[in-house]
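Subject: Structure for your review

Dear colleague,

Please find below the structure that I am handing over to you.

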Amino acid sequence: MRATFGLSEVTPIELGDWDGGWRCGDVVLSPVADHARAAWSAKVRETLEVDGVRLARPVRATDGRYVVAGWRADTFLEGTPEARHDEVVSVSMRLHQATAQLERPRFLSQAPIAPWVDVDVFVAADRAAWEAVPLRSLRGGGFVPMSSPDGRHSLDILAQLSTLRKPVQLPMQLVHGDLFGTVLFQPGLAPGLTDITPYWRPASWAAGVIVVDALSWGGADPGLLDRWSDLPQWDQMLLRAVMFRLAVHALHPRSTPEAFTGLAHTADMIRLML
């Protein structure tokens, strides 16, 4: 595989912050969960310019491909994730100014299909936060929510929160929906991004997901909810963001009771805002 990307003479070093990636000199080889999404991300990151953000650029294989046999290659970025939650939200807003003109990838309009993989869980959870009856589209499709007490509780809270939704009038665009814990910080350098996880939602929804994640699992202070309240239809975006995470918890086979504790607390905080 290293030879395919011109790296056969470099000794690989395992990394912890690159989704199972291996550093080979100035390049990182990473396993790919979904070929179409990985190739799309590489093509976008090849030319995208974001004010005040470093982007890992793709390294093409010797035959020009972005993804080969389930692996991709990118330029290495110095830095590690840090609990700088407001800065991550700021990165989100700058990134989504740059991605606002991107077209919707075809794969984002396709429903999950069997056999299910991790990416389908997130597609289904994303739809659950917006469809009239959460998870109705999965009935009969082979998706089985967790039967554990916390999985059932997730579904109960999800149903309750769905009644608090109000219509939103915001433009949909290409957003990165998984920025929490993935932005790299290094002294003297701009924040860095190694990938883009695409969703077709309002930019303030993506910011809401960061805040929900930071409150649930990142030790963020509750003031984070209010500090970004000037974002468009903020309360409703937070509501849909926490519904999205609750649906992920209910559907993902690796969800844990420990993760649910923080998520349920965040859901309570957001409910009180509405």
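Conventions. This is a predicted model, in which local features need pLDDT of at least 70 and side-chain atom pairs count only at pLDDT 80 or more, while totals for chains, interfaces and linings use all residues. Residues are numbered from 1 along each chain as its sequence is written, and side-chain values use heavy atoms, with hydrogens and water left out. Helices (H or I, at least four residues) and strands (E, at least two) are DSSP runs numbered from the N terminus.

Five strands make up an open sheet with antiparallel pairing, in the order 1-2-3-6-5; two strands count as paired if DSSP finds at least two bridges between them. The edges are taken by strand 1 (13–14) and strand 5 (67–68), each of which has a single partner strand, so one side of each has no neighbour in the sheet. Strand 1 runs antiparallel to strand 2 (residues 22–24) and is joined to it by two bridges. Ile-13 has Arg-23 as its bridge partner in strand 2.

Helix 4. This helix comprises 14 residues (149–162), which at 1.5 Å a residue should span 20 Å; its end C-alpha atoms are 20 Å apart, in agreement. The expected span is 1.5 Å times one less than the number of residues. Its buried residues (buried: under 20% relative accessible area; exposed: over 50%; partly exposed: in between; 1.4 Å probe, protein chains only) are Asp-150, Gly-151, Ser-154, Ile-157, Leu-158, Leu-161 and Ser-162. Seen down the axis of helix 4, they fall within an arc of 135°, and therefore line one face of the helix; the arc is taken over the directions from the helix axis to the C-beta atoms. These buried residues pack against helix 7 (234–251) and helix 8 (257–273), where contact means heavy atoms within 4.5 Å.

Ser-255. This residue lies in the loop between helix 7 and helix 8 and is buried, with a relative accessible area of 18%. A polar atom of its side chain lies 2.9 Å from the backbone oxygen of His-249, and the side chain of Ser-255 also reaches the backbone oxygen of His-252 at 3.2 Å. Leaving aside residues up to four places away in sequence, Ser-255 touches Met-146, Val-248 and His-249.

Salt bridges. The count comes to 16 salt bridges, each defined as a side-chain nitrogen of Lys or Arg within 4 Å of a carboxyl oxygen of Asp or Glu. One of them links Asp-213 and Arg-245 at 2.8 Å, N to O. Asp-213 belongs to helix 5 (residues 203–217) and Arg-245 to helix 7, so the pair ties together parts that are 32 residues apart in sequence. Asp-213 is buried, with a relative accessible area of 1%, and Arg-245 is likewise buried, at 9%.

In another salt bridge, Glu-49 meets Arg-57 at 3.2 Å, N to O; Glu-49 is exposed, with a relative accessible area of 60%, and Arg-57 is partly exposed, at 24%. Asp-221 and Arg-227 also form a salt bridge, at 2.9 Å, N to O. Asp-221 is partly exposed, with a relative accessible area of 37%, as is Arg-227, at 40%. Finally, a network of salt bridges links Arg-45, Arg-72, Asp-74 and Asp-195.

Yours sincerely

Conventions. A polar contact is a pair of N or O atoms within 3.5 Å; within protein, one must be able to donate a hydrogen and the other to accept it, and residues adjacent in sequence count only if both atoms are side-chain atoms.
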